[in-house]
Amino acid sequence: MQPVSLHSLSELERASLQELALYQLQEKLLVGDLSLAKDYSPQTFGIPLFQVIANDRAYKQLQETVKSSRRLCLEVEATVTNFRAQMQKRSQMGRSCWLVPCEMFPEEPLSPAFLDHSSSWSQRRGAMSVDSITDLSDNSSKLLEALQLSHPHELHPRRSLGKKKMLSLNPITWQVPRIVDRCCKHIETYGLQTVGIFRVGSSKKRVQQLREEFDQGLDVFLDEHQSVHDVAALLKEFLRDMSDSLIPRKLYAAFLGTASMEVPAQLVVLQLLLFVLPPCHSDTLHRLLRFLSKVAQHAKSSWGPNGQEIPGNKMTVSNLATIFGPNILQKEKPGEKDAGAKNFEDSTAIILVVQRLIEHYQTLFMVSPEMQHDILRRLFQTDPDVIDYLLRRKFNTVLSTESENLTEEHAPTPLPGQALETNSVSSEFYSNIAFLNLDVDI
């Protein structure tokens, strides 16, 4: 196996990875019992992250429902109009029917011929049982993924209490709030060369107006007319006012504890802590760190193709960690006195930890082959029926990737003695099965 992105794992694998990472952290005595679920209320600012994403999706589904309803109304209107035209035609022809044989007018139904909606199943979303997944062909995996996208609200532990949660065997959709993604995209498009981004003051009135629009569930578009500094302040406010910070407060001490470790050991523990995060927190943190890394890449001035100087934004990784650290790692809830995080030692540790996260985010969100084997072992004990499907999906993914690489390189036809190299993926597939002591029918 090769290292893979955390987000390429299926929902079931990510849940298993969470448990494995938590177990290893508990062995290291870094964390205790964790329960990350909180109550929620419908808005954008100051509520749990999973509910922000749920509200975004509910709004999107509402828009789709309205569009679907409008299409249906147009279809019904067209059908009724056609029905009335048929009735008028019959009424006119009925007056002279005695002059024309009745066979000339075959019987037609006198009720509107509404469209058969059996063809619209592709637009509907549903669920499928885990047991039925192995019966699907590989071509059905995209359909299966679309049908089994996990809704954050459905993953709420209190909602599923007493019920056996059915997790998807395909990667789940990215769970990043609309406001975070749009703020990041806006600054990536218009603000990477803005000097002092995140430090220069903004218009409180304009930021408050944007905040209220997001809080009301409006579809807010951020374009060149919005000030980069206003959008930057809006992003910081959202992170600061979350009811539970982007890195949950129960993990505050564990993350800060890594500041005193040597870099290699620190990265190992940070990776395990990231694996423990709920998917919505993990995905949003990944998006934010990728954005901050891109901002830091434009910190220094550069030269354009015509020799003109392109000013840097002066926001190095250290500067970004200093600004975003207190918003990502919070010890107390918004509005409460955070005496612990105000002291110099905690502030220094927060900056160091966030700096490491920005610098190494690509590596930290990768799952090693050893951890993938541990996940499969665990699933073999708890859900043995799904192992065959997961292995085949991994096998097909690697095979398609290697095929694309060969096509791009215009590789010549291999000689007979070189055929073993192209079959390395197949041999790896069989070795993984043997490694797990699985009995899979190929």
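Predicted model: local features only at pLDDT ≥ 70, side-chain atom pairs only at ≥ 80, totals over all residues.
Residues are numbered from 1 along each chain as its sequence is written, and side-chain values use heavy atoms, with hydrogens and water left out.

**The whole chain**

Start with the protein chain in cartoon view, where there are 17 helices and four strands; these are DSSP runs, H or I of at least four residues for helices and E of at least two for strands, numbered from the N terminus. Of the 442 residues, 41% are buried (under 20% relative accessible area, with exposed over 50% and partly exposed in between, using a 1.4 Å probe and protein chains only). Among contacts (heavy atoms within 4.5 Å) between residues at least 6 apart in sequence, 77% join residues at least 24 apart.

**Helices H9 and H10**

Next select residues 279-297, helix H9, together with residues 317-328, helix H10, whose axes come within 10 Å and cross at roughly 155°. The axes are lines fitted to C-alpha atoms over the stretch in contact, and angles run from 0 to 180 degrees between N-to-C directions. H9 is therefore roughly antiparallel to H10, a term for angles over 145 degrees. Show the side chains of Leu285, Leu288, Leu292, Val295 and Ala296 on H9, and of Val317, Leu320, Phe324 and Ile328 on H10, which make the contact.

**Two buried residues in helices**

Move to Gln266 in helix H8, residues 263-276, which is buried with a relative accessible area of 1%. Leaving aside residues up to four places away in sequence, Gln266 touches Thr258, Ala259, Met261, Val353 and Arg356.

Then select His373 in helix H14, residues 369-382, which is also buried, with a relative accessible area of 15%.

**Two loop residues with positive phi**

Most residues other than glycine have a negative phi. Go to the loop between helix H4 (178-190) and helix H5 (204-215) and pick Phe198, where phi is near 75°, a positive value; Phe198 counts as buried at 4% relative accessibility.

Finish at Lys314, in the loop between strand S3 (309-310) and H10. Phi of Lys314 is near 70°, also positive, but at 49% relative accessibility this residue counts as partly exposed.

How values were computed:
Parallel < 35°, antiparallel > 145°, perpendicular 65-115°, else oblique.
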